[in-house]
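Please go through the model shown here with its helices, its sheet and its chain pairing in mind. The briefing that comes after it is grouped by topic.

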There are 2 protein chains.
Amino acid sequence: MRQTQSLHRAVQQYPDRVATVFNGRRQTFRQLHERVARLAGALQALGMRAGDRVGMLALNSDRTLEFYLAVWWGGGVVNPVNTRWSAAEIAFSLQDCETAILFVDDAFVPMVPELRAQAPCLQTLLYVGEQPVPAGFLGAEQALAAAAPVPDALRSGDDLAGVFYTGGTTGRPKGVMLSQEALATNALLSLVASPLDRDAVLLHSAPLFHLAGLSALMRSLVMGTKNVFLPGFTPGGVLRAVAEERVTNLMLIPVMLQFLLDDPAARTADLSSVRVVGYGASPISEALLERAFGLLPQADFVQGYGMTELAAGVTYLTAEYHSAAGRKLGKLGSAGRALNGVDLRIVDADGRELPRGQVGEIAVRSPCAMSGYWNLPETTAQALRDGWMHTGDAARMDEDGFVFVVDRFKDMVVSGGENVYCGEVEAALTRHPAVAAAAVIGVPHAQWGEAVHAVLVLRPGTTATAEDIQAHCKTLIAGYKCPRSVEFMAALPISGAGKVMKYKLREPHWKERQRGVA
Amino acid sequence: MRQTQSLHRAVQQYPDRVATVFNGRRQTFRQLHERVARLAGALQALGMRAGDRVGMLALNSDRTLEFYLAVWWGGGVVNPVNTRWSAAEIAFSLQDCETAILFVDDAFVPMVPELRAQAPCLQTLLYVGEQPVPAGFLGAEQALAAAAPVPDALRSGDDLAGVFYTGGTTGRPKGVMLSQEALATNALLSLVASPLDRDAVLLHSAPLFHLAGLSALMRSLVMGTKNVFLPGFTPGGVLRAVAEERVTNLMLIPVMLQFLLDDPAARTADLSSVRVVGYGASPISEALLERAFGLLPQADFVQGYGMTELAAGVTYLTAEYHSAAGRKLGKLGSAGRALNGVDLRIVDADGRELPRGQVGEIAVRSPCAMSGYWNLPETTAQALRDGWMHTGDAARMDEDGFVFVVDRFKDMVVSGGENVYCGEVEAALTRHPAVAAAAVIGVPHAQWGEAVHAVLVLRPGTTATAEDIQAHCKTLIAGYKCPRSVEFMAALPISGAGKVMKYKLREPHWKERQRGVA
């Protein structure tokens, strides 16, 4: 299977349906098809060969969908860039998989000189903004107009579709390789678990470089539904788009849901068109959910649990368990059950399945699992063992197969839906001259679920304030990874085996709350 | 992907749901899982190795589902036998792919001596009937009880799942090879096009050795719905089962639908539970459909068009085009549109796509296409060219992508949903000593759609009646392939290229009707 097939089918069956809406600009599937075939031609003319990586550093727009489809249509592999990362992190990910062509929008033009300096792989910068083409860039619109449409390269099955970088436990981002088959199968399995009406209107406000966002876009493409894009999430933007475009499907991470609920305008906005709210990617409280049910009483709620390495969702908590009657079944604190086609087990350290109710690691065998981490065969072999992806998430399964995520084995903080690997932040902290030792943990945060918190031991005779430390970190890593709070100690609690006992550091912060997704 | 995954998932998530109902016997998914794992063990103990073919010659029952799952679970490949074939045809198909183990039910025990004589490949006959085990058979129940459950062999992806024999144009049946992926993907694509409720109850009255029947069973397995089996179709049996088990989904070929409508009991039967009627596999008239809408006003109707070589359906005419409002769209005479994931084109003799509205051959590129014909690389290469399956069906496509099947290129009659290849019948006819030349065509038939009709030229100085000819054919080929009517001519109309001009023979029979599916 392949992603471009849906575009062929759309043109054969419903060419004049609206495919994309962005900032007042609308295009039909016929127009999308024409642009994609030309843009693919432009990419080939720029030297893109089969399997070459092409990146995009931009906020969401209709151009995002064109980017994905044109790269695949022309035979390439997408490398969508996490827009929240620092220039150093982005440059690393581009260089790591040798991305030569990069799409850039207005928001990221200023970052380009730094990227060029750190990522010599970059050869062509394609401008997809709304202003005159800046110096040093090639206008995507101009390239498209000059190119002839090319035939679909038909990348499919095991062919690599994308390299998706995620924060690395070892301090360097890892490129998750997903095949055409993995992405296409994920869309089908998700649609079987939670059908999407042909007349649905999806609002994409969560970033589309993330698998959670992308997988919703791919499901929409399969069904031929309308996509409304917002450059980013704002409560006002979402409320306006819902009312203007009669949006039926929202995909939100809990922090977005909370911003929306906290906005006074939500109480007077016309949200009557909303039929489905998909949420996931970070812990949610039942109190927040209850408020959401109150705001959108007519909507079905669906929760997904997944990860980039599994091409997004592997469990769904479907609408029936969110309904007034369904809530009494006591599954609302769970992430739901494995999708069709997905083998999911709770296993011990040796990979043996545990009895129901016991907490262990979630292991998944799925046709949507990654092909591996780019150029990291050993890390791949650690994660994918005997065909099972070891997620690093701790959970228990009840008698009905519902998965309750209770903690993470990976030393990681999930803040506002983004994974922050503690090791990476600790590496940045210890580069500060005053820091002798550092330990990073997640602490509860009303809006972000968790916030990054640093515990530091200073070198004798030195001083540093929390502000000093934060300013230092911002020069090295993305803003969202920098500690929001800093604590100083005389010494870190060390175990007999010489490891920092982080649970002791977490204790005072979490004593009033259960940590985790549930 | 693989078919057995759904059984693992069922046991994890809803072990106590009813999986099968047959003749008063019910089993849950937990029980089905237990029996399948043991039966797979029994098959391995009988010598089944990875990839070995195992056959079943039986009417529909809960044992049919167990057969499919146990063979796959144990690592084997299914070879489900067309129960309507003659012993000679069945023996050929078993011998062709070297089936050593054959499941047989009470209806087919009497045929076994003849099969044994003609198919020396047969080593073990597993009895799945309801009587004491006949001499020469091993009781499947006894073998199952004596065996230990074995782990799932996890056959998946490109692994061969089954060899499905279809009548051959050259007079010999061809074994269509379908992979685990092809079957699993077909189920998902069908479910996306036409979702199946989790609480659905499917009635299997069409034969499950056919892909049309099997694919419905596989869809049911994915969703974990209840399956009610009838040994075969009778109007009374269907009406009783619907009322007793509150059946929601019927899968019927048009001739069955007609029998049902013609039965006076249908007018008083409780059919209120029926929500979906799937139909297909042979031509249908709009008049028949109108009657069906009248009998089942509350039901959604869905038509499928497909073939064994494509693992069943490739187009669906969905419920919306059967509704009172939808009928006005004028698509009811079509077979619907290509499923997601399926590239479908109308092509000329050189494989070039034709403009909309022009009649050409249906060509399909699909992840569900066969791996090839068993041991027939040349025939495979003729059918599968550049990745496209050439169906032999003639059709046009309208502006909205709807496919109107208008004729068949293959020299074939479709009678009651079964393909009858004219070449095979002609070969049988010309073995009669009085027959000098024979041409077989399809003629209109109220119940069967088409009926097999023979046009014969007798040798000078010989005589033969239609009855003589029919009796002769029955010794060589299956009853349904034998001519239902015979016509004698002095000479066949021969073209300049020396071919029989069958269209001239068909003309007088079809002048009042449009031939074809539409």
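Helix H2 (residues 29-45) of chain A has 17 residues and spans 24 Å between its first and last C-alpha, close to the 24 Å expected at 1.5 Å a residue, where the expected span is 1.5 Å times one less than the number of residues. The model is a predicted one, in which local features need pLDDT of at least 70 and side-chain atom pairs count only at pLDDT 80 or more, while totals for chains, interfaces and linings use all residues. Residues are numbered from 1 along each chain as its sequence is written, and chains are lettered from A and ligands numbered from 1 in the order in which they are written.

**Confidence**
- Chain A averages a pLDDT of 92, with 96% of the residues scoring at least 70; pLDDT is the predictor's confidence in each residue, from 0 to 100.
- Over residues 513-518 of chain A the pLDDT is below 50, and this stretch has 14 contacts in the model beyond near neighbours in sequence, a contact being two residues whose C-beta atoms, placed from the backbone, lie within 7 Å.
- Where pLDDT is low, the predicted coordinates should not be read in detail.
- The model scores ipTM 0.84 and pTM 0.86.

- Helices (H or I, at least four residues) and strands (E, at least two) are DSSP runs, numbered from the N terminus.
- H2(A) is mostly covered, with 13 of its 17 residues buried, that is, with 20 or more other C-beta atoms, placed from the backbone, within 10 Å of their own; after H2(A) comes A:Gly47, whose phi is positive, near 105°.
- In chain A, nine strands form an open sheet with mixed pairing, in the order E2-E1-E11-E10-E12-E13-E14-E15-E16, and two strands pair if DSSP finds at least two bridges between them.
- Strands E2 (25-28) and E16 (337-338) of chain A stand at the edges with a single partner strand each, so one side of each is left without a neighbour in the sheet.
- E1 (residues 18-22) and E11 (residues 226-229) of chain A pair in the parallel sense over three bridges, and A:Val21 has A:Val228 as its bridge partner in E11(A).

**Pairing of the chains**
- Chain A superposes on chain B by a rotation of 180° with 0.0 Å of shift along its axis (RMSD 0.1 Å), fitted by least squares on the C-alpha atoms of residues with pLDDT of at least 70 in both.
- The two copies are thus related as by a two-fold rotation axis.
- In chain A, 20 residues are in contact with 20 residues of chain B, and H1(A) gives the most to the side of chain A that touches chain B, with six residues.

Key: Buried ≥ 20, exposed ≤ 12 C-beta atoms within 10 Å, placed from the backbone.
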